[in-house]
Amino acid sequence: MTDRPADPILVLLETTPNGELATSTAGLLGAASRIGTPVALVVVAPGRAQALAEQSAAAGAEKVLVVETDATQAELTTPQVDALAAAAGAVGPDAVLIPNSIHGRDIAGRFAARTGAPIAVDAVGVSRDDEGIVAHHSVYGGAYDVDSAATFGPLVVTVRQGAVDARAEARPVVVEALEVSPSGAASAAIESFEAVTEASSRPELRGATRVVSGGRGLGSAEQFALVDELADALGAAVGASRAAVDAGYIPANHQVGQTGVSVSPQLYVALGISGAIQHRAGMQTAKNIVAVNKDPDAPIFEVADFGVVGDVFTVVPQLISALAERKR
């Protein structure tokens, strides 16, 4: 690699099935910019490299390494791990940042095992001290904040989407093609797939800046519509507790929690959610938490920045009306 920066941070940028950069891109490059010089790696199908390189530079990448391969259309994970290993050898990074998605965690684990690198999973932030890179975590359902570091490197860190507010400044587009020799490692293969498009005016739950979630306290699937109404008024994504999902109020892909989606929005509104530890583990790193519950002893109030003790069916319609008035 030419013109290697003095403090490179290698960032694997994830792409969507339709070939666009994932929404985790800005946060990853923002995190990297806080601890060094972001060097992005993009593994794409032929013909998409320049467009994604320009988007990466606009999000703050000092340099963009691109790997064009048809293998991404058929093989799972292995092409990205091969590319990441080649990029790490070329860059000599101080750390490697990867999205904490299902795909990203798989890549991170395989890369760490292949290269013998240390790994820190589901970080909510990164920093640098006199001894190197430090990953910050929210653990045990958000009860503790802990730091992790390694005595050798580079440290591989998967970063929770939405947890990092920092954004890097746009940079001029500097692209470098990276040659990668396929490892031949075993890989699952996609034989066929069917794209399913869900039309929605609401943002995707993972990575949303605002989330409104409902719990068992909504009482029924029909009454859960109150969550949808407030979400639409706020321009928010819709989430739910496991109790609401188990009760059939809403599909499981909306579940927020330890066994669901972890979110770190700017605003999290919890309606009729008691606040079991499993749910709090998936939302406690939100910047502002607002809870409405008729039980004054509900555990959700322990983590809420603003709490309203009251009936959601009385409080929320008033809130929706107030929001509508402000928009007039």
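Student: At about what angle to S4 does helix H4 run?
Tutor: This is a predicted model in which local features need pLDDT of at least 70 and side-chain atom pairs count only at pLDDT 80 or more, while totals for chains, interfaces and linings use all residues. Residues are numbered from 1 along each chain as its sequence is written, and side-chain values use heavy atoms, with hydrogens and water left out. Helix H4 covers residues 102-115 (helices are DSSP runs, H or I, of at least four residues, and strands are E runs of at least two) and lies across S1, S4, S5 and S9. With angles taken from 0 to 180 degrees between N-to-C directions of axes fitted to C-alpha atoms, for helices over the stretch in contact (heavy atoms within 4.5 Å), H4 runs relative to S4 at about 150°.

Student: Which strands stand at the edges of the sheet, and why is one side of each left without a neighbour?
Tutor: The open sheet has seven strands, paired in parallel (two strands pair if DSSP finds at least two bridges between them), in the order S5-S9-S4-S1-S2-S3-S10. Each edge strand has a single partner strand, so one side of each lacks a neighbour in the sheet; these strands are S5 (119-123) and S10 (175-177).

Student: By how much are neighbouring strands of this sheet turned against each other on average?
Tutor: Direction is ignored for this angle.

Student: What angle does the direction of H1 make with that of S1?
Tutor: H1 packs on the sheet, where it touches S1 (8-13), S2 (37-44), S4 (95-99) and S9. The direction of H1 makes with that of S1 an angle of about 175°.
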